[in-house]
Amino acid sequence: MKILVTGVKGQLGYDVVKALESRGYQPVGVDREEMDLMNDHMIDNFIMNLKPEAIIHCAAYTAVDQAEEEVEICYQINAEAVKVIAECAKTLDIPMIYISTDYVFDGTKASEYVETDIPNPINVYGASKLKGEQYVQQLLEKFYIVRISWVFGINGNNFIKTMQRLGNEHDELNIIHDQVGSPTYTAHLAPLLVDMIETDQYGIYHATNEGYCSWYEFADEIFKQSQLDVMLHPITTDQYKTKAKRPLNSQMSKQKLSDYRFHRLPTWQEALKNYINQ
Ligand SMILES: NC(=O)c1ccc[n+]([C@@H]2O[C@H](COP(=O)([O-])OP(=O)(O)OC[C@H]3O[C@@H](n4cnc5c(N)ncnc54)[C@H](OP(=O)(O)O)[C@@H]3O)[C@@H](O)[C@H]2O)c1
């Protein structure tokens with residue numbers, strides 16, 4: 001089975017290609033050289049020539065703060081390109097997995113977000129990803145929208161690498177303690193996406209590693225597991241100014257995965273251990 005995977009040079013796309021190969025599929029991993037998401041014509045040509053049997057769309061404009069200034073580019077990549085890909089999937093009558101984000105929510109809910117909660121993004125990136133979700137839902141019946149958060153994988157830059165670098169440079173660090181969510185390890189998520197392609201339980205799902213933490217708690221565990229001695233100070237979001245606003249509550253329930261008999265991912269602490277051991 002020929003499966004198109006976008007964003008192969010990113011964190012998730014890289015691990016999805018590996019997971020597909022290990023399960024005997026023929027992934028075709030692409031990045032901007034083969035299929036530039038700024039170019040609708042190129043997207044359409046590439047997909048219609050390839051004629052894949054499924055699409056796992058991992059590529060995105062992921063620079064959350066920069067997106068506040070590059071609004072048009074962000075919308076082209078995260079929404080308009082998704083529309084073109086979904087139109088191809090519709091023409092070919094194939095399933096598509098679209099990876100989305102906790103940033104579609106505003107983070108004001110007092111409890112975990114479920115898939116049916118109404119999104120209300122508070123930054124450009126989140127709004128562009130929501131528009132991508134809407135195109136997928138409007139155009140397709142055979143779709144999965146998989147919302148993930150705080151992504152880390154071996155192929156790319158992530159919070160863990162940043163913390164390890166900073167931990168080697170500083171004795172003390174201030175880390176945000178009032179944003180709470182779940183890390184998502186791409187090597188754990190990728191096999192679940194392959195499972196999804198093998199079923200027809202289409203719809204929206206939340207899929208992150210199990211358990212919740214603040215960035216401060218995540219950093220603390222990173223330093224413990226990396227055996228780095230750093231004094232951490234908890235700070236609030238207000239004390240750390242960024243161009244893009246971020247939701248305070250990013251907790252997403254994974255109950256729907258269990259309800260539809262998909263396996264849930266290991267805890268975020270196990271994910272971190274696995275990542276560091278690599
Ligand atoms: N990272 C997170 O914390 C996070 C959180 C929630 C959801 N997500 C979602 O999870 C998915 C995977 O994220 P990730 O962390 O694996 O992303 P990533 O590491 O930033 O990789 C994104 C990939 O998309 C490619 N891309 C960007 N612009 C492109 C263009 N114009 N044409 C073709 N390819 C382009 C990038 O290529 P270049 O390197 O050449 O730019 C890169 O290979 C995305 O849909 C993202 O929105 C991520």
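Modeller: Let's start with exposure: a residue is buried under 20% relative accessible area, exposed over 50%, and partly exposed in between, using a 1.4 Å probe and protein chains only. Take Asp 65: at 23% relative accessibility it counts as partly exposed. Keep in mind that this is a predicted model, where local features need pLDDT of at least 70 and side-chain atom pairs count only at pLDDT 80 or more, while totals for chains, interfaces and linings use all residues. Residues are numbered from 1 along each chain as its sequence is written, and side-chain values use heavy atoms, leaving out hydrogens and water.

Biologist: What percentage of the residues of the chain count as buried?

Modeller: Of its 278 residues, 51% do.

Biologist: And how many helices and strands are there in the chain?

Modeller: Helices here are DSSP runs of H or I with at least four residues, strands are runs of E with at least two, and both are numbered from the N terminus. By that count the chain has nine helices and 12 strands. Its radius of gyration is 18 Å, close to the 19 Å from the globule rule for 278 residues, so the chain is as compact as a globular protein of that length. That radius is taken over C-alpha atoms, and the rule is 2.2 Å times the number of residues to the power 0.38.

Biologist: Now the charges. What makes a salt bridge?

Modeller: Side chains of opposite charge can pair when their charged atoms come close. The cut-off used is a side-chain nitrogen of Lys or Arg within 4 Å of a carboxyl oxygen of Asp or Glu. By this rule the count comes to 13.

Biologist: Which parts of the chain does the Asp 65 and Arg 246 pair link?

Modeller: First, the contact itself: their side chains meet in a salt bridge at 3.0 Å, N to O. Asp 65 is in the loop between β3 (54-57) and α3 (71-92), and Arg 246 is in the loop between β12 (231-235) and α8 (255-259), 181 residues apart.

Biologist: What about Asp 93 and Lys 142, how far is N from O there?

Modeller: That salt bridge comes out at 3.1 Å. It also links distant parts of the chain: Asp 93 sits in the loop between α3 and β4 (96-101), Lys 142 in the loop between α4 (124-139) and β5 (143-148), 49 residues apart. Asp 93 is exposed at 51% relative accessibility, whereas Lys 142, at 28%, is partly exposed.
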